[in-house]
Amino acid sequence: MLKIGEYEFHSRLFLGTGKFKDFDVQKEAVEVSETEVLTFAVRRMNIFEPNQPNFLEKIDLNKYKFLPNTAGAKTAEEAVRIAKLAQASGLCHMVKVEIIGCDKTLLPDPVETLKATEMLLADGFTVLPYTSDDVVLAKRLEELGAHAIMPGASPIGSGQGIINPLNLTFIIEQSNVPVIVDAGLGSPKDAAYAMELGADGVLLNTAVSGAKDPVKMARAMKLAVEAGRLGYEAGRIPKKKYATASSPLEGISQ
Amino acid sequence: MELIINGTNMTVPSSIKTVTDLIDHLNLKSPVIIVEHNEKILQKGEHAHTMIEDGDKIEFVQFVGGG
């Protein structure tokens, strides 16, 4: 089981809800993924077109834990306000601190992320900060009391997969709270790799919503996360320079 | 009366007394409606008895897809 704060999850796959072309496809992808945690953003309602459909209408709200993000915030104060707006819904179980410092790379602002994490923890939130793969920053966030650490594999939506497995390994080794690899995953092998490195879970969005067949990809990701985790628990063989035969060398008939 | 709703100036009938009246007037229908009134975030149960006055600033937000 994956335990974050007071919450426990069977599924180690967290799913973002952005950029799906179609709410019916999204609903099916969510079901097939067997995720138990959905992320979403907090935005103004369109008061001039109030009948626009909302994806929450298709979802059984009791079935999931909600992880709203603070995307849009550029400062800790803005992130705290977004988190409190989300909390006022009564549907916010945890909060993903996402404070972007660069509009091109969408990499997080480490200073504001640290500040927001501290402020939200003081207000009693269950806090999961999205961070770069900076090993010392991850430690600082954990020391503040973050309930999980969410380092990026590569830039958001880039699909590049894990570009710095060494840093992720360092973060996973040092961390006493769950590590959820979040951002940049593109294909099932990326999700499996994160889990084989020892991550406790992954969060992905574009990899599924942007796939040609999001429902199929959601199922693939579910299987990849399970396979990667089993592989990690099973204890893989070491890599060796030279071969070791699998068949016996004796008893060869001549 | 004049209100600033989601950053836009709007005129609404003075018969609107509460946040709930305003939500109904605007026909807002999202499964989740979150309200900030004059920079105070309202909890769900407060909509029906929070009074609206001329010049008030209101933010209506909801959850949308995001990662």
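User: What hand does the crossing of α2(A) and α3(A) have?

Analyst: This is a predicted model. In it, α2(A) and α3(A) cross in a right-handed way. That label applies if the near helix is turned clockwise from the far one by less than a right angle.

User: Which residues make α2(A) and α3(A) meet?

Analyst: From α2(A) come A76(A), E77(A), A79(A), V80(A) and A83(A). From α3(A) come E112(A), K115(A), A116(A), M119(A) and L120(A). This contact has 7 nonpolar residues, no polar ones and 3 charged ones.

User: Why are α6(A) and α8(A) called roughly parallel?

Analyst: Helix α6 (residues 188–196) of chain A packs against helix α8 (residues 214–234) of chain A at about 25°, with the axes 7 Å apart. The cut-off for roughly parallel is under 35 degrees. The angle falls below it, and therefore α6(A) and α8(A) count as roughly parallel. Their contact includes A191(A) and M195(A) of α6(A), and A220(A) and Y232(A) of α8(A). Its residues split into 10 nonpolar, 1 polar and 2 charged.

User: What makes α1(A) roughly parallel to α8(A)?

Analyst: Again, the angle. Helix α1 (residues 23–33) of chain A packs on α8(A) at about 15°, with the axes 8 Å apart. That is under 35 degrees, so α1(A) is roughly parallel to α8(A). Their crossing is right-handed. V25(A), E28(A), A29(A), V32(A) and S33(A) in α1(A) touch P214(A), V215(A), A218(A), R219(A) and K222(A) in α8(A). Here 6 residues are nonpolar, 1 is polar and 3 are charged.

User: How do you know that chain B is in contact with chain A?

Analyst: Contact needs heavy atoms within 4.5 Å. By that rule, 28 residues of chain B touch 31 residues of chain A. The two chains bury about 2,600 Å² between them, and carbon and sulfur atoms give 64% of that area.

User: Why is the pair E36(B) and R81(A) called a salt bridge?

Analyst: The closest N and O atoms of E36(B) and R81(A) are 2.8 Å apart. The limit is 4 Å. The distance lies within it, so the pair counts as a salt bridge. Across the interface of chain B and chain A, the rule finds 2 salt bridges.

Technical notes: Residues are numbered from 1 along each chain as its sequence is written. Chains are lettered from A and ligands numbered from 1 in the order in which they are written. This is a predicted model: local features need pLDDT of at least 70, side-chain atom pairs count only at pLDDT 80 or more; totals for chains, interfaces and linings use all residues. Side-chain values use heavy atoms; hydrogens and water are left out. Axes are lines fitted to C-alpha atoms, for helices over the stretch in contact, and angles run from 0 to 180 degrees between N-to-C directions. Helices (H or I, at least four residues) and strands (E, at least two) are DSSP runs, numbered from the N terminus. Angles under 35 degrees count as roughly parallel, over 145 as roughly antiparallel, 65 to 115 as roughly perpendicular and the rest as oblique. Ala, Val, Leu, Ile, Met, Phe, Trp, Tyr, Cys and Pro count as nonpolar, Asp, Glu, Lys and Arg as charged, and the others, Gly among them, as polar. Buried area is the accessible area (1.4 Å probe) that two parts lose on being put together, summed over both. A salt bridge is a side-chain nitrogen of Lys or Arg within 4 Å of a carboxyl oxygen of Asp or Glu.
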